[in-house]
Amino acid sequence: EVLELPPFIVDLSGETSTGKSTALMLAASVWGSASPTDGVFQTFGGTETALERLASAMGSLPLLLDETKLAGGRGAREVGRILYMLASGQGRQRGRPDGLRTQSVWRAPAILTGGASNDAGTRARTLTLTEPPMGPVSDAGAIYAEHLEGVVLRHYGFAGPVLAQHLLREDWPKAQREFEAVRHSFGQGLGGGVAGRLAKCGAVLL
């Protein structure tokens with residue numbers, strides 16, 4: 001919010017059984033429970049309205065969605081529309097008998113696994129990471145991922161408050177200058193067009 005950025009999407013892409021869901025659970029454990037049955041870590045099986053309300057409730061905190069393939073019978077076009085909605089930072093305008101309902105808004109970036117949509121509007125807002133999060137696929141990596149899942153299901157919610165305290169002490173003008181310098185550097189390396197637009201995503205993560 002301080003950087004005045006709209007939401008964006010980070011897509012952990014790649015082959016199955018490479019640790020993508022484990023990485024998402026680790027990210028969820030920063031803020032709360034990493035269990036798929038709790039609020040921080042969700043699957044993509046919810047309705048568009050449910051995901052819109054979840055994003056609104058998260059505010060500027062990341063929205064963590066596992067397995068876009070769980071979208072059920074919805075086609076790629078509808079999945080793309082939902083992702084575009086999440087990246088736009090605002091829900092649909094809805095009416096009521098006496099006027100308009102308050103429109104849902106958020107800045108929550110969405111981090112997902114299972115693959116993002118291929119439509120141009122979504123690609124321009126999606127930073128795709130293809131390297132296996134747990135390193136090269138191996139038996140040792142699978143054992144480590146299983147161990148890590150057990151750890152984060154028992155211990156969670158500690159890093160988020162520490163980060164929040166750090167942000168409250170941050171020198172925001174300095175942070176904004178550093179962000180613009182990194183964004184400019186990324187933008188020069190990526191060129192224009194869609195790749196250049198993703199420079200903001202990479203800069204804010206760095």
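A residue counts as buried when its relative accessible area is under 20%, as exposed when it is over 50%, and as partly exposed in between (1.4 Å probe, protein chains only). Keep that in mind as you click along.

This is a predicted model, in which local features need pLDDT of at least 70 and side-chain atom pairs count only at pLDDT 80 or more, while totals for chains, interfaces and linings use all residues. Residues are numbered from 1 along each chain as its sequence is written, and side-chain values use heavy atoms, with hydrogens and water left out.

**Stop 1: helix 7**

Select Arg183 and Glu180. Their side chains meet in a salt bridge, 2.9 Å from N to O; the term means a side-chain nitrogen of Lys or Arg within 4 Å of a carboxyl oxygen of Asp or Glu. Both residues lie in helix 7 (residues 172–190), 3 residues apart, about one turn of the helix. Helices (H or I, at least four residues) and strands (E, at least two) are DSSP runs, numbered from the N terminus. Arg183 counts as partly exposed because its relative accessibility is 27%, and Glu180, at 38%, also counts as partly exposed.

**Stop 2**

Is Glu48 buried or exposed? Glu48 counts as buried because its relative accessibility is 12%, whereas Arg81, at 36%, counts as partly exposed.

**Stop 3: around helix 2**

Stay here and colour the buried residues of helix 2: Glu48, Leu51, Glu52, Leu54, Ala55 and Met58. They lie on the same side of helix 2 because they cover an arc of only 165° around the axis, taken from the directions from the helix axis to the C-beta atoms. On the face turned away from the buried side, find the exposed residues Arg53 and Ala57. After helix 2 comes Gly59, with a positive phi near 70°.

**Stop 4: the lining of the largest pocket**Finally, show Leu3, Leu163, Leu167, Val204 and Leu205, the closest to the centre of the largest pocket among its 37 lining residues. A pocket is an open set of points on a 1 Å grid over the protein atoms alone, where a 1.4 Å probe fits, with protein on both sides within 12 Å along at least five of seven lines; lining residues have an atom within 4 Å of a point. Helix 7 supplies the largest share of the lining, 5 residues.
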